[in-house]
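Here is my note on the model, written for someone new to reading structures. Please keep the 3D view open and work through the points in order.

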Amino acid sequence: MAPPIASSDLPKIKISARGAERLKSGHVWVYRSDIVAADGIAAGSLVTVNDQRGKAIGTALYSSSSQIAIRMISADPVADFPALLRRRIADAIAYREPLVEGTDAYRAIFSEADFLPGLIVDRYNDILSLQILTQAMDANLSRETVISELSHFLKPDSIIERVDPRVRELETLPARASGLLHGSKTATTFTMNGVQFHFDALQGQKTGAFLDQRENYAAAAQYAKGEALDVFCYQGGFALHLAERCSQVTGVDSSRPALEVADQNAALNHRDIDWIEANAFDLLKDYSNSDRRYDTIVLDPPAFAKTKRDLDAAMRGYKELNLRALRMLRPSGFLVTCSCSYHVSRSDFLQMLSTSALDAHRVVRIVEARGQAKDHPVLLNVPETSYLKCFIASVN
Ligand code: SAH
């Protein structure tokens, strides 16, 4: 085995005063425009980050192609990267032990929020689903270390890699197919809040569930009643939880494959739910114009604002959905309204909800202001780790 690299042997990157200021404020990224000198540094290297005067600020992972050139991994020198990875993985697992309950599906590692930038690991009962998003995490030594530690701690039957071809392209990594990294099992069932779900790692538009909503499902179910409409239902996350409390539940999504799994999930839980394949905007327009009424409505659309530039269009989309849903609720009904767009702030979203309530002539009381489940930690000072908003409101 090669001797561990002494930290002083690491290549050095010099960053601008603005970059150093950003790190001082607690952030962990330095953009390419704040790199002063990175000559000859190989893609995916572990590097020592120096400020303009040459003073070491810490150790980072370097990307030769991403706009985020540097992702800090430690404020200290790092001599043995695999050892650091092992420690971080153990820490991420230990962090969740007291926080995650009532589920065998959760995010075990959440990239920057677990000080493992570029690595996401979701657990679905006995299968782990892994995503690698940076050059440094894609290196063979990183992969081997991650797989062996995950196997050791979580003892999954299998580990599956989910590849996002666009991310690999942006990181100038060679193309790679999604597939098994360990074991042979590719499908299982998992349980959250007592509700069961099918998981098939190698099928479907997007593999897996929206684990970040897990606690919001349980919260929504506490208030749900009467006739319920789950708009953007995907594989039925909210609908299946609402079915415990509601007399009738309808789920709406534009994706047929998602609704097929939703239907299988309903059968698994012995629930009778109506699934409608439709464009949510069209359906809500029809339903509100024809005076359809519900006691509970969930709105959980995809991220409308993928970039800052989409913000105005996104807010118009949220407004239209929320306005129609508010009009369609019976008195004392409940609205569960979500946004997973990082670029839409909590205050933007609440502002949109306020004007929707005024326009709909409804009195709205926020009973719960929620975010993402605890296994998707929000790292203070790294605002990008906080993206999910979920408000539960009583509507009169
Ligand atoms: N509520 C779900 C997650 C929703 S993800 C859960 O908790 O599991 C967003 C969903 O919106 C996806 O399933 C996608 O197929 C669907 N979708 C996107 N655009 C849509 C549209 N215009 N009309 C209906 N569904 C749409």
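Which side chain has an N or O atom 3.4 Å from a nitrogen atom of the ligand? The side chain is that of Asn279. Keep in mind throughout that this is a predicted model.

1. Tyr217 has a side-chain N or O atom 2.6 Å from an oxygen atom of the ligand. Asp253 also has a side-chain N or O atom 2.6 Å from a ligand oxygen. The protein buries 86% of the 580 Å² that the ligand exposes when taken alone.

2. **The residues around the ligand.** Now widen the view. The ligand is surrounded by 14 residues. The closest are Tyr217, Phe232, Asp253, Ala280 and Asp300. Find Phe232 in particular, as the next point returns to it.

3. Most residues other than glycine have a negative phi. Phe232 is not a glycine, yet its phi is positive, near 70 degrees. Phe232 sits in the loop that runs between strand 14 (227-231) and helix 7 (237-242). Its relative accessibility is 16%, so Phe232 counts as buried. Phe232 is also one of the residues closest to the ligand.

4. Look for Asp291 in the loop between helix 9 (280-289) and strand 17 (294-299). Is Asp291 buried or exposed? Asp291 counts as exposed, because its relative accessibility is 53%.

5. The whole structure contains zero disulfides. Cys338 is in none, and its nearest cysteine sulfur, in Cys390, is 3.8 Å away. A disulfide needs the two sulfurs within 2.5 Å. Cys338 is buried, at 0% relative accessibility. Cys390 is buried as well, with a relative accessible area of 0%.

6. **Salt bridges between separate elements.** Side chains of opposite charge can pair when their charged atoms come close. How many salt bridges does the structure hold? The count is 21. In one of them, Arg107 pairs with Asp122, and the closest N and O atoms are 2.7 Å apart. Arg107 belongs to strand 7 (residues 105-110) and Asp122 to strand 8 (residues 119-124), so this pair ties together parts that are 15 residues apart in sequence. Both Arg107 and Asp122 are buried.

7. Glu161 and Arg143 form a salt bridge, with 2.9 Å between the closest N and O atoms. Glu161 is in strand 10 (residues 158-161), and Arg143 is in helix 4 (residues 140-154), so the pair links parts 18 residues apart in sequence. Glu161 and Arg143 are both buried. They do not stand alone. A network of salt bridges links Asp138, Arg143, Glu161, Arg168 and Arg176.

8. **A salt bridge at Arg214.** Arg214 and Glu215 join their side chains in a salt bridge, at 3.7 Å from N to O. Arg214 is buried, with a relative accessible area of 2%. Glu215 also counts as buried, at 19%. The cut-off for buried is under 20%, so Glu215 makes it.

9. **Helix 10, checked by length.** Helix 10 has 18 residues, 311-328. At 1.5 Å a residue, helix 10 should span 26 Å. Its end C-alpha atoms are 26 Å apart, so the two values agree. Buried residues in helix 10 include Ala314, Met315, Gly317, Tyr318 and Leu321. An α-helix has 3.6 residues a turn, so residues three or four places apart point the same way.

10. **Arg324, a buried arginine in helix 10.** Arg324 lies in helix 10. Its relative accessible area is 15%, so Arg324 is buried. Which side chain does Arg324 meet in a polar contact of 3.4 Å? The partner is the side chain of Ser288.

Notes
Residues numbered from 1 in each chain as written. Predicted model: local features only at pLDDT ≥ 70, side-chain atom pairs only at ≥ 80, totals over all residues. Heavy atoms only, no water. Buried < 20%, exposed > 50% of the residue type's maximum accessible area, 1.4 Å probe, protein only. Helix = DSSP H or I, 4+ residues; strand = E, 2+ residues; numbered from the N terminus. Expected span 1.5 Å × (residues − 1). Salt bridge = Lys/Arg side-chain N within 4 Å of Asp/Glu carboxyl O. Near = heavy atom within 4 Å. Polar contact = N/O pair within 3.5 Å; in protein donor to acceptor, adjacent residues only side chain to side chain. Areas by Shrake-Rupley, 256 points an atom, 1.4 Å probe, with all protein chains shown as cover.
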